[in-house]
Amino acid sequence: MKFSKILLAGVLSMSALSLTATAAHAEDLLDSVKQAGVLKIGLEGTYPPFDSKDSKGELVGFDVDVAKALCAKLGVKPQFIPTEWSGIIAGLQAGKFDVIINQVTITPQRQQALDFSQPYTYSAAQLIQRADDKRDIKSLNEFKGKLKLGVTLGTNYDQMAKAVPGINVQTYAGAPEKLADLMAHRIDATIDDRLMLPYIIKTSNLPLRPGEILPGANQEMGIPFRKGNPKFEKAINDALTAMKKDGTLKKISMHWFNTDVTQPISH
């Protein structure tokens with residue numbers, strides 16, 4: 001009986017050592033990514049100009065190009081896994097992919113469950129005005145009088161506008177209707193995402209111009225991954241830092257937006 005207990009203790013001890021070794025070996029995400037030679041990337045694939053399919057069915061967009069450049073720095077190949085936004089965070093946590101590169105805003109709530117890279121995109125709410133409108137509208141408070149603001153119903157910008165007492169605001173089902181009224185002089189400005197505006201102007205040739213970036217609505221986007229991977233965190237941050245220093249991120253941004261959205265916003 002005593003021998004059996006000693007034998008059992010030895011087996012348990014070896015099992016514990018084996019588990020410890022496995023845990024130590026099971027490694028940082030960087031080890032498994034390097035071993036596989038592939039970084040699995042979750043993204044929507046239906047979110048232009050960040051990630052969507054072109055006429056040939058190929059994924060294209062700002063985030064697609066960032067992901068490819070990042071993988072080149074890491075010395076691995078990208079494997080894109082299109083996933084609906086509603087399930088993309090859960091997919092990351094379940095290990096369906098290694099990272100998400102899809103304009104994921106860094107928030108305190110998300111940071112409790114996931115680790116993030118340094119920001120690689122900076123956005124904010126921005127006013128859109130007609131190109132021929134030389135008025136310098138500085139804040140939403142200016143829409144309390146004769147000026148009229150257009151917003152898309154149910155968006156953050158809708159909530160932002162309606163939080164201003166006495167504001168003169170018109171809601172729209174979507175951006176096309178809102179922009180049509182702006183160009184027809186039925187409203188004086190609209191609010192939209194700083195990242196979307198340059199793309200709209202570049203691809204649509206609409207006679208619009210960027211207005212004031214509104215304070216208090218800044219967003220920083222990073223690359224989330226599962227917690228407990230310090231080597232991977234350092235590697236991905238080193239790669240992004242290198243991409244900023246050598247101009248890679250700026251070049252990608254200029255291609256898609258005609259402006260550099262990879263630098264912090266200065267008001």
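V66, A69, L70, K73 and L74 in helix 3 meet A235, I236, A239, L240, A242 and M243 in helix 9. The contact of helix 3 with helix 9 holds 10 nonpolar residues, no polar ones and one charged residue. This is a predicted model.

**Helix 3 against helix 9**

- Helix 9 spans residues 230-245, and its axis comes within 9 Å of the axis of helix 3.
- The two axes cross at roughly 110°.
- Angles of 65 to 115 degrees count as roughly perpendicular, so helix 3 is roughly perpendicular to helix 9.
- The crossing of helix 3 and helix 9 is right-handed.

**Helix 3 against helix 10**

- Helix 3 (residues 62-74) also packs with helix 10 (residues 248-257), at an angle of about 160°.
- The axes of helix 3 and helix 10 lie 10 Å apart.
- Angles over 145 degrees count as roughly antiparallel, so helix 3 is roughly antiparallel to helix 10.
- Helix 3 passes helix 10 in a right-handed crossing.
- From helix 3, the contact takes F62, D65, V66 and A69.
- From helix 10, the contact takes T248, L249, I252, S253, H255, W256 and F257.
- By class, the contact of helix 3 with helix 10 has seven nonpolar residues, three polar and one charged.
- V66 and A69 of helix 3 take part in the contact with helix 10, and V66 and A69 also meet helix 9.

**The largest pocket**

- The largest pocket holds about 560 Å³ of space.
- Its lining is made by 22 residues, and Y47, N156, Y157, D193 and Q219 are the closest to its centre.
- Helix 6 (156-162), strand 13 (189-193) and strand 15 (219-222) are the elements that give two or more residues to this lining.
- Helix 6 gives the most, with four residues.
- The lining of the largest pocket divides into 11 nonpolar, seven polar and four charged residues.

**Backbone details**

- The peptide bond from P48 to P49 is cis, with omega near 5°.
- P49 sits in the loop between strand 2 (46-47) and strand 3 (51-53).
- H185 is not a glycine, yet its phi is positive, at about 70°.
- H185 sits in the loop between helix 7 (175-183) and strand 13.
- Strand 13 is also one of the elements that line the largest pocket.

Notes:
Residues are numbered from 1 along each chain as its sequence is written. This is a predicted model: local features need pLDDT of at least 70, side-chain atom pairs count only at pLDDT 80 or more; totals for chains, interfaces and linings use all residues. Side-chain values use heavy atoms; hydrogens and water are left out. On a 1 Å grid over the protein atoms alone, a cavity is a set of points where a 1.4 Å probe fits but cannot get out, and a pocket is an open set with protein on both sides within 12 Å along at least five of seven lines; lining residues have an atom within 4 Å of a point. Grid points are joined across faces, edges and corners, and a volume is the space filled by probe spheres set on the points. Ala, Val, Leu, Ile, Met, Phe, Trp, Tyr, Cys and Pro count as nonpolar, Asp, Glu, Lys and Arg as charged, and the others, Gly among them, as polar. Axes are lines fitted to C-alpha atoms, for helices over the stretch in contact, and angles run from 0 to 180 degrees between N-to-C directions. Angles under 35 degrees count as roughly parallel, over 145 as roughly antiparallel, 65 to 115 as roughly perpendicular and the rest as oblique. A crossing is left-handed if the near helix is turned anticlockwise from the far one by less than a right angle, and right-handed if clockwise. Contact means heavy atoms within 4.5 Å.
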